Amino acid sequence: MRKEAVRAGMALLAGVLLVLNGCATTPKARATPRPTPTVSRAELCHELAGRYVDQCPPVPISFDPNVPFQNEVGGQVPHPSVLQWEQAFLRSNAYYLWAYRNGKAEFLLSGAIAPTHVSQVDLFRVELQQIASAQQAGGRLELKPLTMTTVAFVATPSALKPTAAALGTQWEPWGFITYSKGPAYEKVVLPDGHVQTLGSVGPRFTNEGITWGYFKRDPQLGLIWYQEGFIECGAGSPAIASECATLS
């Protein structure tokens, strides 16, 4: 499971997303939401083409807005803002899943939902490898993502600063923990109908991870959570594991 299994409940045996604890940091203003100008789909696709996206994602993209949610920052961020950020996080996850399912490596590497370098070497590394393998075999990916059972908004543990530095990305004070469960699988369907299973987990499988980043308005995609990094709860320091455990 990728860190994405957690991350939006997806990439199975690849390892997936999100965490955070402490520090009463004033939220960093990245972009003030303003009404989005109405543009035609043709104009939107043309603008996205300039970002190396050769197929337009659905805009607005659909996602379940009612995933169970917990606000764990104790009023450090106004609750209405937290709710808006949570919806932005789910929207970013939906774009990620769209690109993964449709083999759109260029979208994952475009910098649209995460920095290109970090996407390539960490965040979407496994997904990109699987997309390449499917394309080389002349097949297509078939996915059943993990089911996201809970999302929690938290303060990112300062223990993640060395992890962020090692990845060449930014540590951000806020993030999301996701809790997900199986069953899930990743397969390559070949032209002759044969299926290669890349990974699978059963219904008893569970996964947790932390994604840190920030809220922003993307000119084409709308309000999103820009992901700067991810780590599975069991792969980090005791402080990270403890943060995840508080919501288990």
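Author: Let's start with α6: its 12 residues reach 17 Å from first C-alpha to last, close to the 16 Å expected at 1.5 Å a residue. That expected span is 1.5 Å times one less than the number of residues. Helices here are DSSP runs of H or I with at least four residues, strands are E runs of at least two, and both are numbered from the N terminus. Bear in mind that this is a predicted model: local features need pLDDT of at least 70 and side-chain atom pairs pLDDT 80 or more, while totals for chains, interfaces and linings use all residues. Residues count from 1 along each chain as its sequence is written, and side-chain values use heavy atoms, leaving out hydrogens and water.

Within α6, the buried residues include Val-126, Leu-128, Ile-131 and Ala-134, along with Glu-127 and Gln-130. Buried means under 20% relative accessible area, exposed over 50%, partly exposed in between (1.4 Å probe, protein chains only). Just past the end of α6, Gly-138 has a positive phi of about 75°.

Now for the core. The largest nonpolar core has 32 residues, and Phe-107, Ile-113, Phe-124 and Leu-221 touch the most other members. Such a core is a set of buried Ala, Val, Leu, Ile, Met, Phe, Trp, Tyr and Cys residues joined through side-chain atoms within 4.5 Å. α6 (125-136) is among the elements that each supply at least two of its residues, as are α3 (79-101) and β9 (222-232). α3 gives the largest share, 7 residues. Take Phe-107: beyond its neighbours within four places in sequence, its contacts (heavy atoms within 4.5 Å) include Val-53, Trp-98, Ile-113 and Leu-221. There's also a second, separate core of 17 residues, Met-148 and Trp-174 among them.

Next, the rings. Phe, Tyr and Trp rings (the six-membered one for Trp) pair if their centres lie within 6.5 Å; planes under 30 degrees apart are stacked, over 60 edge-to-face, the rest tilted. That gives 13 aromatic pairs. One of them is Tyr-96 with Tyr-100, tilted at 5.8 Å between centres and 35° between planes. Both tyrosines sit in α3, 4 residues apart, about one turn of the helix, and both are buried. Another tilted pair is Tyr-214 and Tyr-226, at 5.4 Å and 40°.
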